[in-house]
Amino acid sequence: MIDNPKSGMTLIVKTITRLTIGLILLFGIYIILHGHLSPGGGFAGGVIVALSFVHLMLAFGKDVAAARISKNMASNLESIGALMFLSIALLGFLGGSFFLNILPKGTPFNLFSAGIIPLCNIAIGIKVGVGLFAIFLALVVLEKSK
Amino acid sequence: MELHVLLIFMICAAIVAIEVKDLLSSVIAVGAVGFALCLAFLVLKAPDLAITQLVVEILCLIILIRATINKDLPLVIEGRWIFNTVSTLGFIAVFLLFSWLALKELPSFGEPTMAVVKKYLQEGVSKTGSVNIVTAVILDFRAYDTLGEATVLFTSVIGIMAILRRPGRKKRE
């Protein structure tokens with residue numbers, strides 16, 4: 001299905017996409033994980049992750065991208081991201097108040113530091129990335145299927 | 001005092017909106033209520049809410065006016081060019097005067113007016129452990145706002161999915 005010349009763009013675009021898409025996805029994950037150390041965070045990284053899947057869909061046609069993440073899986077993942085963010089917020093009640101930073105702070109400039117903030121970034125990244133890709137998928141696939 | 005004037009004005013505009021016969025005039029009266037509410041938020045020292053109210057009110061007014069008018073409004077300009085030019089120049093002069101007065105009142109660059117900003121900048125790293133101060137604010141000090149924004153995005157995705165999905169199951173005969 002990937003090498004089907006009928007769907008998607010030309011061979012040049014497909015080859016370049018095959019080389020770059022992993023790097024784009026990796027950069028999105030890096031932005032999410034390093035949100036408390038460098039500029040960026042959950043929203044920006046999530047948008048980059050969504051853009052890598054949009055890139056896949058534009059280059060190879062909608063069937064390949066829909067095979068990677070279906071609509072139901074996108075809905076489930078987005079709900080999981082939202083619930084994860086909310087449960088992190090509710091876990092603060094173990095220490096006494098909403099959104100309390102209950103985990104140890106660690107030393108600044110380390111990757112594992114700042115308590116719950118990296119976990120919040122991961123939750124928001126999942127939610128934003130899958131949510132924006134789900135919107136794109138709905139606008140492209142569901143519109144045609146009537 | 002200003003608040004009472006605004007409230008009386010809002011009540012009068014709401015009564016006009018209910019009683020007037022023309023639909024377009026009614027929509028504009030509803031818009032007057034909204035803009036008075038925006039000013040009331042400003043009087044009550046809530047500028048963020050006032051900005052949101054202003055923007056949402058303009059968007060709702062455009063949608064409502066577009067929905068109530070089916071045909072395009074004719075633009076009457078014959079024989080009134082002196083009045084049009086004078087009123088346009090007058091509005092430009094008023095706008096320039098008020099923007100000059102407003103720009104004079106702005107605080108100078110790099111001196112925040114809110115005292116809480118200094119606390120965030122000084123104690124951000126020690127209180128949250130996050131080196132990136134923006135992340136420290138949006139995910140620790142103001143995490144409740146971020147939860148609201150995430151909910152807005154979640155709701156919009158649900159809405160798009162609900163509108164664009166396949167037609168639902170037909171009812172069995």
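Predicted model: local features only at pLDDT ≥ 70, side-chain atom pairs only at ≥ 80, totals over all residues.
1. A word on terms before we start: two residues are in contact here if their C-beta atoms, placed from the backbone, lie within 7 Å. Setting aside neighbours up to four places away in sequence, Ser130(B) is in contact with His36(A), Ala114(A) and Ile117(A) from chain A, and with Thr135(B), Ala136(B) and Asp140(B) from chain B. This residue sits in the loop between H5 and H6 of chain B. Ser130(B) counts as buried because 26 other C-beta atoms lie within 10 Å, and the cut-off for that label is 20 or more.

2. Now the overall make-up of the two chains. Chain A has 5 helices and 0 strands, and chain B has 7 helices and 0 strands. Written along the sequence, chain A reads α-α-α-α-α and chain B reads α-α-α-α-α-α-α.

3. In chain A, 37% of the 146 residues count as buried. In chain B, buried residues make up 10% of 173. For contacts with a separation of 6 or more, residues 24 or more positions apart account for 67% in chain A and for 33% in chain B.

4. On to the place where the chains meet. The contact uses 34 residues from chain A and 21 residues from chain B. On the chain B side, helix H5 (115-128), helix H6 (133-141) and helix H7 (143-164) each supply at least two residues. Which helix gives the most to that side? H7(B) does, with 10 residues. By class, the chain B side divides into 13 nonpolar, 5 polar and 3 charged residues.

5. Ile160(B) lies in helix H7 of chain B, and beyond its neighbours within four places in sequence it is in contact with Ile135(A) and Ala138(A).

6. The largest nonpolar core has 38 residues. Within this core, the residues with the most contacts are Phe85(A), Cys120(A), Ala123(A), Ile124(A), Phe133(A) and Ala134(A). The elements giving two or more residues to the core are helix H1 (11-33), helix H2 (42-60), helix H4 (71-91) and helix H5 (117-144) of chain A, together with H6 and H7 of chain B. H5(A) brings the largest share, 14 residues. As a background remark, nonpolar side chains tend to be buried together in soluble globular proteins.

7. Leu25(A) touches Val49(A) and Ser52(A), leaving out residues up to four places away in sequence. Leu25(A) and Val49(A) are 24 residues apart in sequence, with their C-alpha atoms 5.4 Å apart in space. With 18 C-beta neighbours inside 10 Å, Leu25(A) counts as partly exposed.

8. Chain B also has a helix pair to inspect. The axes of helix H2 (residues 23-43) and helix H3 (residues 47-68) of chain B come within 8 Å and cross at roughly 175°. That makes H2(B) roughly antiparallel to H3(B), because angles over 145 degrees take that label. The contact of H2(B) with H3(B) has 15 nonpolar, 4 polar and 1 charged residues. Among those meeting there are Leu24(B), Val27(B), Phe35(B) and Phe41(B) in H2(B), and Leu54(B), Glu57(B), Leu61(B) and Ile65(B) in H3(B).

9. Last, a check on H2(B) itself. How many Å should its 21 residues span? At 1.5 Å a residue they should span 30 Å, and the end C-alpha atoms are 31 Å apart, which agrees. In H2(B), Ala36(B), Cys38(B) and Ala40(B) are buried. The buried residues of H2(B) pack against helix H1 (2-19) and H3 of chain B. Just after H2(B), Lys45(B) takes a positive phi of about 65°.

Key:
Residues numbered from 1 in each chain as written. Chains lettered and ligands numbered in written order. Axes fitted to C-alpha atoms, helices over the stretch in contact; angles between N-to-C directions. Helix = DSSP H or I, 4+ residues; strand = E, 2+ residues; numbered from the N terminus. Parallel < 35°, antiparallel > 145°, perpendicular 65-115°, else oblique. Nonpolar A, V, L, I, M, F, W, Y, C, P; charged D, E, K, R; others polar. Core = buried A, V, L, I, M, F, W, Y, C linked by C-beta atoms within 7 Å. Buried ≥ 20, exposed ≤ 12 C-beta atoms within 10 Å, placed from the backbone. Expected span 1.5 Å × (residues − 1).
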